Every structure is written in structure tokens, then in C-alpha cells.
Amino acid sequence: MNKSWLAIIFLIISNQAMTQTSHFLPQQPPQGSGAINIVVSNLDENEGDTYFAEAEKNERNGELNEAVTLFGKAAFEYNSAKQFARYGEALMRLSNVHYQLAHFSEAEQVVLNVALKNYSKIGSRNGQMESYSQLGRIYLALNKPTQSLWFYTQQGILAKQIGNSSAYIESVLGAANVKIRKKEYTLATKDINRAELLAKAANTNEFKNQIKEARSMLPALAATKTVKKSSKKK
């Protein structure tokens, strides 16, 4: 992890900690005109938007290390401006770029220690659900199937609660991928078939490629069945 990224994430976490601490302190009367505070907040938000747009541009161009720095700066500015929904969005994008760079531990820390806490604080169930999905992906990449399955399960529970069928199907496919990793092919096949039925019921082709890709990872199951059948005939 480079020094600039360390500095940014330290500032994000420190600033968030100060914000959370101040929540428990008595409210102080405003100093002078309240308009000054609004202007400062807007300036922070505008800075955040600028950094976010530049980060997206860098990500599209494959300049991922630059995108990491800029998404981190955007997150810091949004947090300063108390734009916590945008703050969470910047953090999730930051985690995703780390994921693309195979910086899985960094991707995990951003979501687990910062984004998820932010979404819990503001009561965003959608944000929490997205965090669970991202952590499911990260822990699978880290070859931690038990943790991965737990987070995909949490995603599915929340998806059902808020009626998000796409997120629920995504969680079922995530669970299938975990079971494939664990070589639990029969259970994985059941999840893949279930995801396919849910997608058909929702009349969506969104998961067609993901279902196809998951099935392509099950050759061992088909081979095992073929061997068993042929041995019985003998």
C-alpha cells in the first residue's frame, strides 16, 4: 500500500471518528452567521464531486492507482461535508478499485471498517446490502469461503426484507460460487438452478452470463456422474 493511500485512509477514519464523537457532545450555538458553515460544506461537497468524477475517469482509462487516490480524496471531502450517502458511495468505489488491483485486504478494510459502519449509522439498508455483497466477493477472493458465505447470506436476508429481487438472485449466485470453491457441487447446482428460476420469474436476463459462467465451473460434477454410470453398466 503506498504512502498517499495510507494518509488518505487515516484521514477518512480519523475524520469519521471525530464526527461520531461529536454526535455525543452537547450542541454548541453557531458562531456568527450560519451561512459560513453552509458555504464551507458546499465547498467540501463540490471538491468531493470533482475528485469523484476524476476517479471515475481514471478507472475507465485503467489508471487504477490514480483512481484509488482520488476516490479516497472524494470520500474524505464528502465526509467533511456530512454527505454520508455520497461518502459511502465513494468508499464502495474505492474498495472496488482495490479489488480490481487484487488488493483484497485493503478492499476488505475499507468496507468492513468504514463503509459498513457509515451505512449502519445512517440507517441505509441498501448500503449495508451492497457492503455485504462486496465482502462476499472479497472473502471468496481471499479464499475464506465461510466468511464469504456468511456475508452473501446476510445480503440475501436484507434483499428479501427490502424486496430487491436482483440483489437476492445475486446473493444466491454468490453462495453458489462459494460452494463451488468448497467443491460442494450438488449444493452449488441447486443454487444455480434456483437463481435461474428466480431470474425467469423476475423476467430478467441480467444474470444470464453469470449463471452460464457458474455452470461452466461444474465439470467435475458432470464427469463424476458419467464415470459412475459407465461403471454400473460394466
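This is a predicted model: local features need pLDDT of at least 70, side-chain atom pairs count only at pLDDT 80 or more; totals for chains, interfaces and linings use all residues.
Of its 234 residues, 39% count as buried.

**Overall layout**

- Read from the N terminus, the elements go α-α-α-α-α-α-α-α-α-α-α.
- Among contacts with a separation of 6 or more, 62% are between residues 24 or more positions apart.

**α8 against α9**

- The crossing of α8 past α9 is left-handed.
- On the α8 side, the contact is made by Y168, I169, V172, L173, A175, A176, K179 and I180.
- Facing them from α9 are Y185, L187, A188, D191, I192, R194, A195, L198 and A199.
- Sorted by type, the residues of this contact come to 14 nonpolar, no polar and three charged.

**α7 against α8**

- Helix α7 (residues 145-162) and helix α8 (residues 165-181) have axes that come within 8 Å and cross at roughly 165°.
- With that angle over 145 degrees, α7 and α8 are therefore roughly antiparallel too.
- Here, again, the crossing is left-handed.
- From α7, the residues in the contact are P145, S148, L149, Y152, Q155, G156, A159 and K160.
- The α8 residues in the contact are A167, Y168, E170, S171, G174, A175, V178 and K179.
- This contact of α7 with α8 splits into eight nonpolar, five polar and three charged residues.

**α6 against α8**

- Helix α6 (residues 125-141) packs on α8 at an angle of about 15°, and the two axes are 11 Å apart.
- An angle under 35 degrees counts as roughly parallel, so α6 and α8 get that label.
- The pass of α6 over α8 is another left-handed crossing.
- M129, S133 and L140 are the α6 residues involved, and they meet A167, E170, N177, V178 and R181 of α8.
- By type, the contact of α6 with α8 has four nonpolar, two polar and two charged residues.

- F71 sits in helix α3, which spans residues 64-80.
- F71 counts as buried because its relative accessible area is 0%, under the 20% cut-off.
- Leaving aside residues up to four places away in sequence, F71 touches F52, A55, E56, E59, A90, R93, L94 and V97.
- F52 lies 19 residues from F71 along the chain, with 5.7 Å between the two C-alpha atoms.

**Salt bridges**

- Across the whole structure, a search finds seven salt bridges.
- R86 and E89 make another salt bridge, at 2.7 Å from N to O.
- R86 and E89 are about one helical turn from each other because they are three residues apart in helix α4.
- R86 is partly exposed with a relative accessible area of 25%, while E89 is partly exposed at 32%.
- K182 and E184 pair up as well, at 3.7 Å from N to O.
- For K182 the relative accessible area is 36%, which means partly exposed, and E184 falls in that class at 28%.
- Shared partners also build a network, in which salt bridges join D49, R86 and E89.

Technical notes. Residues are numbered from 1 along each chain as its sequence is written. Side-chain values use heavy atoms; hydrogens and water are left out. A salt bridge is a side-chain nitrogen of Lys or Arg within 4 Å of a carboxyl oxygen of Asp or Glu. Helices (H or I, at least four residues) and strands (E, at least two) are DSSP runs, numbered from the N terminus. Buried means under 20% relative accessible area, exposed over 50%, partly exposed in between (1.4 Å probe, protein chains only). Axes are lines fitted to C-alpha atoms, for helices over the stretch in contact, and angles run from 0 to 180 degrees between N-to-C directions. Angles under 35 degrees count as roughly parallel, over 145 as roughly antiparallel, 65 to 115 as roughly perpendicular and the rest as oblique. A crossing is left-handed if the near helix is turned anticlockwise from the far one by less than a right angle, and right-handed if clockwise. Contact means heavy atoms within 4.5 Å. Ala, Val, Leu, Ile, Met, Phe, Trp, Tyr, Cys and Pro count as nonpolar, Asp, Glu, Lys and Arg as charged, and the others, Gly among them, as polar.
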